[in-house]
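Me: Could you walk me through how to read a few features of this model? I'd like the general idea and then the case at hand.

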Number of protein chains: 2
Amino acid sequence: MDYFTGVRQKETLEISELSKRAKPGQRVKVNGAVHAIRDMGTVAFVILRKREGLLQGVFEEGAADFELKDIREGAAVELEGILEENEKAPGGIEIRMESIRILSRPADDRMPLAIGKWKLNTSLEAKLTYRSVALRNLRERAKFRIQEGLVRSFRDFLYGQGFTEIHTPKIGAKGAEGGANIFKLDYFHRPAVLAQSPQFYKQMMVGVFDRVFETAPVFRAEKHNTKRHLNEYTSLDFEMGFIDGFEDIMAMETGYLKYAMEMLGKFYDKELGLLNISLPEVSRIPAVKFCEIKEKVSEKYGHQMRNPFDLEPEEEVLIGRYAKEEWGSDFVFVTHYPSKKRPFYAMDDPEDSRFTLSFDLLFRGMEVTTGGQRIHDYGMLTEKLAARGMSEEGMEDYLDTFKYGMPPHGGLGIGLERLTMRLAGEDNVRETTLFPRDLSRLAP
Amino acid sequence: MDYFTGVRQKETLEISELSKRAKPGQRVKVNGAVHAIRDMGTVAFVILRKREGLLQGVFEEGAADFELKDIREGAAVELEGILEENEKAPGGIEIRMESIRILSRPADDRMPLAIGKWKLNTSLEAKLTYRSVALRNLRERAKFRIQEGLVRSFRDFLYGQGFTEIHTPKIGAKGAEGGANIFKLDYFHRPAVLAQSPQFYKQMMVGVFDRVFETAPVFRAEKHNTKRHLNEYTSLDFEMGFIDGFEDIMAMETGYLKYAMEMLGKFYDKELGLLNISLPEVSRIPAVKFCEIKEKVSEKYGHQMRNPFDLEPEEEVLIGRYAKEEWGSDFVFVTHYPSKKRPFYAMDDPEDSRFTLSFDLLFRGMEVTTGGQRIHDYGMLTEKLAARGMSEEGMEDYLDTFKYGMPPHGGLGIGLERLTMRLAGEDNVRETTLFPRDLSRLAP
């Protein structure tokens with residue numbers, strides 16, 4: 001009979017353990033993937049890729065009980081040697097190799113991409129085709145560590161604000177946002193759809209938990225082939241009850257962004273450094289009305305407005321520029337979007353019902369969040385559905401929730417990949433999506 | 001120009017703030033949903049449902065500037081009154097109501113379920129039909145707070161162990177596990193499927209991040225209509241590289257379970273109390289071989305084995321009973337499952353290739369985890385595919401990852417709803433699923 005009692009302590013050390021648990025001159029054991037081999041003749045550097053970064057092994061003939069040709073790039077190895085300080089080595093340490101154990105060998109050592117280089121000098125197309133290899137490049141993988149920091153801080157912050165995490169179904173009978181951009185599937189011979197957002201469910205759960213959030217995939221069958229659209233993405237959603245106004249939601253998002261930047265600065269500084277990211281200022285975020293900012297950018301930059309009810313991508317860029325120039329901010333809330341471009345559940349502005357108590361957050365000239373106050377009154381909700389000529393069919397459960405009472409509430413959805421993209425300074429959202437799904441990509 | 005600077009401090013107090021930021025005798029303001037009204041004649045109790053629990057308001061005619069009939073169950077209200085101590089009230093405090101502001105009114109106050117009762121005395125069928133109302137019952141919602149604790153501790157623990165969180169696509173070209181239980185959909189006129197598990201992707205990412213995890217929905221088109229099957233559930237997955245053996249994975253899971261029970265005890269004690277849950281002992285978890293335990297339960301309980309290659313549900317129950325009686329454990333790892341019942345990527349036991357280096361974890365007689373070591377060698381993997389007569393079609397990206405080198409690795413998947421179900425002592429997994437998807441349920 002074996003018993004398991006918890007995580008096993010290993011003899012092999014991680015990079016951060018090398019400085020804590022070993023001293024220069026000591027014999028240590030480490031493992032890792034052979035990231036690159038640099039043969040200088042009398043001496044060779046074997047660079048290991050480990051989860052915390054790179055670690056340099058130094059090979060000198062005679063000092064080691066194996067030959068350099070025994071190792072090749074892509075192999076997984078365990079090596080023993082003497083820990084030494086060397087300020088030229090990654091992290092300021094290196095290991096004088098004495099012996100090696102090959103844990104696994106690649107079947108093919110003609111790597112399709114030169115992942116050992118500082119910058120992966122290849123097309124986005126190639127990076128996506130050889131995704132699992134491309135991401136072995138340190139700067140490529142660092143983007144997804146930053147992404148982890150953004151989603152991790154979202155949850156941490158909201159737990160602290162009394163939110164409950166929920167898991168809502170992705171297969172359902174009807175889409176929340178309506179429209180044509182819904183993936184359809186066969187569910188045991190019944191028509192079903194993939195969730196475009198957790199909207200209905202998170203609202204229904206406000207009546208239960210008051211404040212809820214979810215971090216999960218959403219699916220959009222949009223036929224856009226742009227640098228900013230994905231057909232599947234990770235949505236950071238929250239919804240909160242007992243709000244005094246939709247300003248509470250923007251205030252909560254500002255709180256999240258402050259928390260996120262702090263967490264990134266504290267725990268992801270290595271990755272920020274690798275990617276040369278300077279964190280944006282979020283101590284105060286300006287908010288401006290949709291109609292007002294449209295006029296302002298049109299005046300300042302001579303931009304010709306084509307659509308009075310929505311913002312075009314070029315307009316978002318100009319608004320971002322305006323916010324930076326006039327208010328010194330990388331972020332700007334654009335509020336009071338026209339009612340006709342918002343879904344039926346958006347709360348209209350009681351002072352002017354052509355507009356809604358809603359907002360988008362733009363980050364460096366691109367929308368990364370949509371949010372607002374929702375209608376909480378059953379009568380008002382069914383009237384708006386009727387006024388839009390929409391059927392209640394398939395929405396009975398959602399509507400019933402309001403029949404039995406709901407507090408004033410609102411919430412938002414943040415596109416995780418877009419937020420990462422703007423932060424990392426990338427110009428294509430696929431750069432910050434692990435395995436993008438778009439019109440042409442269904443694999444890997 | 002408005003600026004947002006972070007979360008707004010509110011005048012209204014939450015339950016935990018009432019004791020911290022106010023004193024008995026003080027006038028306070030709170031909000032909440034009217035959970036129940038208990039009219040005793042001269043005095044009435046208005047019970048508010050708040051996210052942290054129940055709060056009692058006391059109504060006495062003359063003392064308040066409103067009438068009891070102004071309020072009804074299901075309304076959202078904000079009330080002001082004097083904070084008082086009362087050991088008979090929930091949480092030991094109550095509020096003598098003076099004034100009230102109605103934030104919203106229900107359209108229908110004939111609630112379909114008596115949610116104000118301690119125990120929601122109705123069928124599972126009714127609870128699922130009126131899901132958003134049923135969950136307003138305190139004990140019903142508490143189960144999902146416990147569920148939050150389980151997933152939250154999973155992530156927290158793994159962050160601490162050097163794992164990176166990933167988000168892998170749910171729409172793909174091919175299922176990881178194969179078989180018939182795959183939902184199919186149309187992806188812009190191309191055939192696509194919903195992910196049965198993140199298996200291929202998390203393995204591919206071991207070569208990048210070394211240790212990865214994901215907490216996301218998975219989809220199984222299984223035609224089972226049992227108390228333990230769902231067609232969509234939340235899977236807690238991890239995968240780790242540079243393992244010495246599949247025992248490392250069981251050790252890691254034991255570490256997680258210890259961490260989870262600690263976190264639940266610390267932050268979810270109220271909910272544990274509401275549900276009368278006593279946390280299981282996880283300081284050591286026994287592990288026993290598949291063939292051995294089959295014999296043991298057959299001997300001890302006279303059980304007739306029907307399937308020598310798998311465990312039937314009744315057998316799992318007996319194994320759970322055996323583990324409790326013989327080893328005093330609610331958990332038991334069953335190891336070395338027959339190769340023919342495990343997927344092609346499972347690592348066979350080099351000592352006896354009829355079996356695999358894999359395991360299930362049973363919790364109180366039900367499987368809640370499947371895991372094991374995977375094949376990391378490209379040649380071995382393609383040979384096993386061939387030996388099973390499987391095609392490599394659609395798996396090229398997965399297989400290529402191995403071609404360019406992968407460390408020895410393994411991982412597991414935990415069914416979140418099942419884990420919650422066993423912990424909460426429920427006998428149907430739908431009880432611990434927010435919005436279950438099964439053969440008959442596609443809504444709400």
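**Reading the model, feature by feature**

Reply: Let's start at a chain end: B:Pro444 sits in the segment after helix H12 (416–424) of chain B. Keep in mind that this is a predicted model.

Me: Which residue is joined to B:Pro444 by a cis peptide bond?

Reply: Look at omega for this one. B:Ala443 and B:Pro444 are joined by a cis peptide bond, with omega about -5°. In chain A, a cis peptide bond links A:Ala443 to A:Pro444, and omega is about -5° there. A:Pro444 is in the segment after helix H12 (416–424) of chain A.

Me: And phi? What is the value at A:His336?

Reply: A:His336 has a positive phi of about 60°, although it is not a glycine. You'll find A:His336 in the loop between strand S14 (331–335) and strand S15 (348–349) of chain A.

Me: Next, the chain contact. How do I put a number on the area buried between chain A and chain B?

Reply: The size of an interface is often given as the accessible area lost when the parts come together. Here, about 10300 Å² is buried between chain A and chain B, and carbon and sulfur atoms give 61% of that. Of the area that chain A buries against chain B, 9% comes from A:Phe4, A:Tyr404 and A:Leu442, more than from any other three residues. The contact takes 122 residues from chain A and 122 residues from chain B.

Me: How many salt bridges go across the interface of chain A and chain B?

Reply: The rule is a distance one: a side-chain nitrogen of Lys or Arg within 4 Å of a carboxyl oxygen of Asp or Glu. It finds eight across the interface of chain A and chain B. B:Lys10 makes a salt bridge with A:Asp244, and their closest N and O atoms are 2.5 Å apart. Over all chains, the whole structure has 91 salt bridges.

Me: What does the salt bridge of A:Glu14 and A:Lys50 tie together?

Reply: Their side chains meet at 3.3 Å, N to O. A:Glu14 lies in the loop between strand S1 (2–4) and helix H1 (15–21) of chain A, and A:Lys50 is in strand S3 (residues 43–50) of chain A, so the pair ties together parts that are 36 residues apart in sequence.

Me: Now helix packing. Are H5(B) and H11(B) roughly parallel or roughly perpendicular to each other?

Reply: Read the angle and then the axis distance. Helix H5 (residues 199–209) and helix H11 (residues 396–403), both of chain B, pack at about 25° with axes 10 Å apart. Angles under 35 degrees count as roughly parallel, so H5(B) and H11(B) are roughly parallel to each other. Their crossing is left-handed. H5(B) brings B:Phe200, B:Gln203 and B:Met204, while H11(B) brings B:Asp397, B:Tyr398, B:Thr401 and B:Phe402. By class, that contact has four nonpolar, two polar and one charged residues.

Me: How do H8(A) and H9(A) cross?

Reply: Helix H8 (residues 290–301) and helix H9 (residues 313–327) of chain A have axes that come within 10 Å and cross at roughly 80°. That makes H8(A) roughly perpendicular to H9(A). The residues in contact include A:Ile293 and A:Val297 of H8(A) and A:Leu318 and A:Trp327 of H9(A). By class, the contact has seven nonpolar, no polar and seven charged residues.

Me: One more pair: at what angle do H4(B) and H6(B) cross?

Reply: Roughly 130°, with the axes of helix H4 (residues 138–160) and helix H6 (residues 247–267) of chain B coming within 9 Å. That makes H4(B) oblique to H6(B). The crossing of H4(B) and H6(B) is right-handed.

Technical notes:
Residues are numbered from 1 along each chain as its sequence is written. Chains are lettered from A and ligands numbered from 1 in the order in which they are written. This is a predicted model: local features need pLDDT of at least 70, side-chain atom pairs count only at pLDDT 80 or more; totals for chains, interfaces and linings use all residues. Side-chain values use heavy atoms; hydrogens and water are left out. Axes are lines fitted to C-alpha atoms, for helices over the stretch in contact, and angles run from 0 to 180 degrees between N-to-C directions. Helices (H or I, at least four residues) and strands (E, at least two) are DSSP runs, numbered from the N terminus. Angles under 35 degrees count as roughly parallel, over 145 as roughly antiparallel, 65 to 115 as roughly perpendicular and the rest as oblique. A crossing is left-handed if the near helix is turned anticlockwise from the far one by less than a right angle, and right-handed if clockwise. Contact means heavy atoms within 4.5 Å. Ala, Val, Leu, Ile, Met, Phe, Trp, Tyr, Cys and Pro count as nonpolar, Asp, Glu, Lys and Arg as charged, and the others, Gly among them, as polar. Buried area is the accessible area (1.4 Å probe) that two parts lose on being put together, summed over both.
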